[in-house]
Amino acid sequence: MSKKALFVCIGNTCRSPMAETIYRHLINANVSSCGIRISSSSVNPHTIEILKNRLNINVADKPTTHIKDLNLNEFDVIYALDKEVSDFLHNLQLSKSKIIRLLVDDPYGKDITVYDKVYDILLDEINKMKENN
């Protein structure tokens with residue numbers, strides 16, 4: 001049985017929805033994403049374009065989710081996509097064994113080529129997860 005996974009970034013508009021989509025596509029597992037500070041109600045247009053081009057998956061209608069709207073105890077593993085998010089999660093006093101930090105630079109505000117590089121980094125990390133399952 002696969003683990004229920006959560007990807008967490010800052011705004012849930014770039015990295016975490018991209019990771020969620022890749023993870024679901026490759027591992028076909030129960031996965032969600034959220035952000036610790038939501039400033040938009042929808043996924044970033046560059047994220048939408050990258051996922052459409054790379055996986056032929058449309059996430060244009062995916063709403064953003066704030067971490068406070070989720071029960072974190074429901075997840076077996078929580079992937080923090082940078083140090084700030086990891087620190088935030090550790091301050092919530094979750095089980096340290098549940099939190100895994102991935103170092104993925106935030107592409108927000110940058111051009112689409114940076115989003116493409118983030119996709120490649122996430123794809124590589126998630127392929128490693130798949131191999132270890």
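**Figure 1. Accessible surface of the chain in a predicted model.** The accessible surface comes to about 7,200 Å² (Shrake-Rupley method, 1.4 Å probe). Carbon and sulfur atoms hold 46% of this surface. Buried residues, those under 20% relative accessible area (1.4 Å probe, protein chains only), make up 47% of the 133 residues. Local features need pLDDT of at least 70, side-chain atom pairs count only at pLDDT 80 or more, and totals for chains, interfaces and linings use all residues. Residues are numbered from 1 along each chain as its sequence is written, and side-chain values use heavy atoms, with hydrogens and water left out.

**Figure 2. The largest nonpolar core.** A nonpolar core is a set of buried Ala, Val, Leu, Ile, Met, Phe, Trp, Tyr and Cys residues joined through side-chain atoms within 4.5 Å. The largest one has 28 residues, and those with the most contacts inside it include Phe7, Ile22 and Leu122. Among the elements that give two or more residues to this core are strand E1 (5–9), helix H1 (15–27) and helix H4 (112–132); helices (H or I, at least four residues) and strands (E, at least two) are DSSP runs, numbered from the N terminus. Helix H4 gives the most, with 6 residues. In soluble globular proteins, nonpolar side chains tend to be buried together.

**Figure 3. Surroundings of Tyr23.** Which residues are in contact with Tyr23, leaving aside its neighbours within four places in sequence? They are Lys3, Ala5, Phe7, Asn28, Ala29, Val31, Ile126 and Met129, where contact means heavy atoms within 4.5 Å.

**Figure 4. A second, separate core.** This core has 14 residues, including Ile10, Ala80, Val85 and Ile99.

Notes: Buried means under 20% relative accessible area, exposed over 50%, partly exposed in between (1.4 Å probe, protein chains only).
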